[in-house]
Amino acid sequence: MQKIEIYTDGACRGNPGIGGWGALLIYQGTEKRLYGSEENTTNNRMELMGSIEALKALKRPCEVILWTDSQYVKKGISEWLAGWKAKGWRTASNQPVKNQDLWQMLDQEANRHHIDWRWVKGHAGEYGNEVADQLANQAIDELLGK
């Protein structure tokens with residue numbers, strides 16, 4: 001099984017506002033950069049989209065180390081998701097899960113792979129995280145026509 005390292009990030013100007021996501025995929029020293037944007041979104045949705053789109057880009061099942069600076073994504077996928085599914089997509093306080101559509105997409109993509117979800121401190125000089133952040137902001141800038 002191929003081993004790949006992925007760094008993802010999301011950004012939003014206004015929350016909600018114009019958002020972007022970025023992903024850096026590294027396989028055997030080769031990098032692939034992905035990014036995209038949405039006009040009316042939230043930071044959490046963009047964090048989720050970075051992970052979803054990175055995993056969708058993998059053509060076959062892989063062993064993945066996925067780095068995110070989002071505790072929301074990291075804890076959501078590794079701690080909260082099973083409980084949400086068991087409770088019919090309700091939180092511990094019986095509220096509907098926010099961003100259920102994206103959590104379901106992420107769950108579907110993640111189930112194709114063996115993923116080690118890892119948290120990285122954002123804006124701390126970690127190369128992959130910095131690239132993912134730049135890509136997310138580039139997506140916003142391109143949407144704004146800058």
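Trp-80 is partly exposed, with a relative accessible area of 32%, while Trp-84 is buried at 10% (buried means under 20% relative accessible area, exposed over 50%, partly exposed in between, using a 1.4 Å probe and protein chains only). This is a predicted model, where local features need pLDDT of at least 70, side-chain atom pairs count only at pLDDT 80 or more, and totals for chains, interfaces and linings use all residues. Residues are numbered from 1 along each chain as its sequence is written, and side-chain values use heavy atoms, with hydrogens and water left out.

Now look at the rings. There are 4 aromatic pairs in the structure (rings of Phe, Tyr and Trp, the last by its six-membered ring, pair if their centres lie within 6.5 Å; planes under 30 degrees apart count as stacked, over 60 as edge-to-face and the rest as tilted). In one of them, Tyr-7 and Trp-67 have ring centres 5.9 Å apart and planes at 10°, so they're stacked. Tyr-7 sits in strand E1 and Trp-67 in strand E4, so this pair ties together parts 60 residues apart in sequence (strands, E, are DSSP runs of at least two residues and helices, H or I, of at least four, numbered from the N terminus). Both Tyr-7 and Trp-67 are buried.

Back to Trp-80 and Trp-84: their pair is tilted, at 5.8 Å centre to centre and 50° between the planes. They're 4 residues apart in helix H2 (residues 71–86), so about one helical turn separates them. Ring pairs also bring in Tyr-72 and Trp-103, linking them with Trp-80 and Trp-84 into a cluster.
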